[in-house]
Amino acid sequence: MATLSIKFKYAFPLVKAGMVMKVREKGLTIKETESKESFEIMAWVHDLMPDKRTIVLRDPTGIKEFLVDPSVVKGLTRESLVKAKGYVHSGESVIKDIKVIIKAPPKLPIDVRNPPADDPERFSKYSYLVIRSPKYMKVLKIQQWILYGIRDFLISKGFIELLPPIISPCSDPGLRGAKKLRTKLYGKEYELMSSLIMFKQAAASALGKIFFVGRNVREEPPEHLSTGRHLCEFTQIDVELAFAKIDDAMRLCEDLLKYTIGFVWDKCRSELEELNPSLEIPRIPFKVLTYDEAFQILKEMGEKVVYGKEFPQDSETKLATSLGEPIWIIKYPIESRGFYYMPDQEDPGKNRDFNLILPKGYGEVIDGGEREYRYEKIVERIKLMGEDPDHYGWFLDLAKIGIAPSCGFGIGLERLTRYIAGLKYIWEAVPFPKVPGVAPTP
């Protein structure tokens, strides 16, 4: 048997017996200083107390107050990056030396300690600083575990996650007043993805149970800013089940929400106890209202709703405010929704569709229903919406070949984050928000 001989280009010194190699200890995090007698950390100056004897430092693990000699912090500014050395004495963390790595200017465009969420234009413009706020660091950690929990649940149920497209010749026309953004590729016009519904139907016909985590872009009407729950760029978890019915999808949604909220409580208990201690794991099944029943409730509340139309944003918010638990609204009128819903044979003029409305004013978080899969009916519905069937050429070509009957839904990740974290505005639930009516900066 031949032996393999390998020669190295470079010679490396070997450790001799008895030789102790000196290993440079890495810097500690703020969280790790709690269990050390002495420490060296790299952190941001979050705050300086007026007496100059206390400094608050921040890193990705959190914030902490340290005692310090006033001479050490002379000339320091908030948001400066520093290397700090110190020790723990009688339970107090004391900094003895600070080296400035990057000195921030004395005047900042926003206060990172309390970002201006009530001013969406400034909040979004300086979102690259907002993200440093301890509050929003916690929110984004919660959001990570929301997404993880959703993925964990769906994959455990046999769903396959697919990578979403970003551009297409056509996407969802049912945008409730929002406009699509367009671009060109090889001289042809395409739409930035505003919804993955047609792609979900195509994928479910192949793989049965699928989901996307997709970014969607829409030019929302400026007046939607006042709702506090609209973004021009948002994330949707799009789920589709081949050969499923409306009840299958609604039960799946209920189980998914119950699991995800419980999962996030386990992972982020301290964050939720600070931000939204009243959050409860929902009891299932959720109550169900038909569109007609919800319409009547809104009329009795004095809302100016028009039958056959989607409920206005502010009316939907008021309905959600009156609820103490999540509520399904089913059977929307055919003319109020997109072409992709299956009509209800037992209730003419209505769809086999649903929205989930979250309580306490948070509003719609899930939209879905059974899909129309018959070629002739799809063309008929497209024309009913005043759309040109030729615009949906690839999808109609597929429908001629055959699409599996299916049911599916979309979950707004930022809306769900807003609810779980107890936030006032949806732009607090995304790292770099694009808000209605405001041209984005970052």
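Helices (H or I, at least four residues) and strands (E, at least two) are DSSP runs, numbered from the N terminus. The model in these views is predicted: local features need pLDDT of at least 70, side-chain atom pairs count only at pLDDT 80 or more, and totals for chains, interfaces and linings use all residues. Residues are numbered from 1 along each chain as its sequence is written, and side-chain values use heavy atoms, with hydrogens and water left out.

View 1. Q236 counts as buried, at 15% relative accessibility; buried means under 20% relative accessible area, exposed over 50%, and partly exposed in between (1.4 Å probe, protein chains only). Its side chain is joined to that of D238 by a polar contact of 3.3 Å. Such a contact is a pair of N or O atoms within 3.5 Å; within protein, one must be able to donate a hydrogen and the other to accept it, and residues adjacent in sequence count only if both atoms are side-chain atoms. Not counting residues up to four places away in sequence, Q236 touches F212, V213, G214, N216, G410, I411 and G412, where contact means heavy atoms within 4.5 Å.

**View 2. I246 in helix α5.** Here is I246, a residue of α5 (residues 246–267). With a relative accessible area of 9%, I246 is buried. E370 is 124 residues from I246 in sequence, yet the two are 5.8 Å apart in space, C-alpha to C-alpha. Leaving aside neighbours within four places in sequence, I246 is in contact with R352, D353, F354, E370 and C407.

View 3. In α9 (residues 375–384), the residues I378, V379, R381 and I382 are buried. The buried residues of α9 pack against α10 (393–401). Just after α9 comes G386, with a positive phi of about 80 degrees.

**View 4. I166 in a loop.** To finish, find I166 in the loop between β6 (160–162) and β7 (167–168). I166 is exposed, with a relative accessible area of 64%.
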